[in-house]
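Welcome to a short tour with the viewer open. Keep your selection tool ready, and we will go stop by stop.

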Amino acid sequence: VTVPLICILTDYGVHRAWIAPYVDAYVVASEDMVPELESFGVKREKIYPFGIPVHGVFFHREDRDMLLRDLRLDPELPTVLFMAGSFGVTNILSIYKDLVQESFPFQIIIITGRNKRLYRTFRKLIPRSPKITKLVFFTDRVADYMHASDLLVTKPGGLTVSEALACSIPLAVFDAIPGQEEDNANFLIAHNMAIPLDSRGGASAAIVSLLEDSRRLEQMRASCGAFDKSDSGKN
């Protein structure tokens with residue numbers, strides 16, 4: 001076999017499992033990962049910090065107000081997007097229950113993915129919720145929901161993070177799995193693109209504190225936008 005072997009790392013930290021003989025090129029998420037790979041013995045000329053490729057629709061800027069009207073939501077309210085259901089995550093329930101009790105005005109979008117149990121649970125909760133909440137099962141409009149939102153609450157999986165950064169949406173991350181997800185969370189926090197949440201308590205206060213501080217939220221959005229990997233696929 002003489003074709004090139006290219007390894008695309010889909011997280012923001014390097015682990016030995018990614019390193020293998022006969023790899024001709026490593027495509028990594030950011031320049032920060034170059035010295036990490038070198039520490040594992042990978043030669044610099046094999047490392048390309050192009051970014052994690054995501055679909056171009058995430059880079060295409062949409063009119064937020066128009067999207068919210070299309071989704072039958074209020075363009076005048078801050079919008080918090082929850083995404084964490086596809087892998088059976090339920091701690092998001094406790095975050096939601098606490099968050100909707102906050103007096104600060106905002107609205108919520110929840111995407112549960114294919115998690116039917118989580119979807120049914122939220123469907124029972126939402127009619128009694130004091131906050132406007134739009135519940136979504138599996139959807140191919142994730143980019144629209146991200147572009148319509150001001151903050152994404154999620155676990156820090158590599159592809160979700162990459163899609164969010166492409167949409168320039170700040171993140172609030174929780175329940176990072178030790179290893180890659182922890183590295184992803186640390187990368188986001190270090191670059192002012194996310195805040196950490198503790199799903200055991202205090203998460204709602206942290207979210208509201210950020211929503212109330214529009215200047216800080218805009219700075220985080222600018223940090224996400226500055227991390228421009230829109231040419232990752234072309235490279």
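Let us start with cavities: on a 1 Å grid over the protein atoms alone, a cavity is a set of points where a 1.4 Å probe fits but cannot get out. By this rule there is one cavity of 30 Å³ or more. This is a predicted model, where local features need pLDDT of at least 70, side-chain atom pairs count only at pLDDT 80 or more, and totals for chains, interfaces and linings use all residues. Residues are numbered from 1 along each chain as its sequence is written, and side-chain values use heavy atoms, leaving out hydrogens and water.

To see the lining of the largest cavity, select Tyr-12, Ala-29, Gly-51, Ile-52, Val-54, Phe-59, Ser-162, Leu-165, Ala-166, Phe-227 and Lys-229; lining residues have an atom within 4 Å of a point. The space inside is about 70 Å³, a volume being the space filled by probe spheres set on the points, with grid points joined across faces, edges and corners. By class, eight lining residues are nonpolar, two polar and one charged (Ala, Val, Leu, Ile, Met, Phe, Trp, Tyr, Cys and Pro count as nonpolar, Asp, Glu, Lys and Arg as charged, and the others, Gly among them, as polar).

Rings of Phe, Tyr and Trp (its six-membered ring) pair if their centres lie within 6.5 Å; planes under 30 degrees apart count as stacked, over 60 as edge-to-face and the rest as tilted. The structure holds seven aromatic pairs. Now select Tyr-96 and Phe-122: their ring centres are 5.2 Å apart and their planes at 90 degrees, so this pair is edge-to-face. The pair links distant parts of the chain, with Tyr-96 in helix H3 (residues 91-99) and Phe-122 in helix H4 (residues 116-125), 26 residues apart. Helices (H or I, at least four residues) and strands (E, at least two) are DSSP runs, numbered from the N terminus. Tyr-96 and Phe-122 are both buried (under 20% relative accessible area, 1.4 Å probe, protein chains only).

Our last stop is strand E4 (residues 79-83), where five of five residues are buried. Thr-79, Leu-81 and Met-83 point one way, Val-80 and Phe-82 the other. Which strand runs parallel to E4, joined by five bridges? That is E5 (residues 107-111); two strands pair if DSSP finds at least two bridges between them. E4 also pairs in the parallel sense with strand E7 (residues 151-154), over four bridges. Finish on Phe-82, which stands opposite Ile-110 in E5 and opposite Val-153 in E7.

Note on methods. On a 1 Å grid over the protein atoms alone, a cavity is a set of points where a 1.4 Å probe fits but cannot get out, and a pocket is an open set with protein on both sides within 12 Å along at least five of seven lines; lining residues have an atom within 4 Å of a point. Buried means under 20% relative accessible area, exposed over 50%, partly exposed in between (1.4 Å probe, protein chains only).
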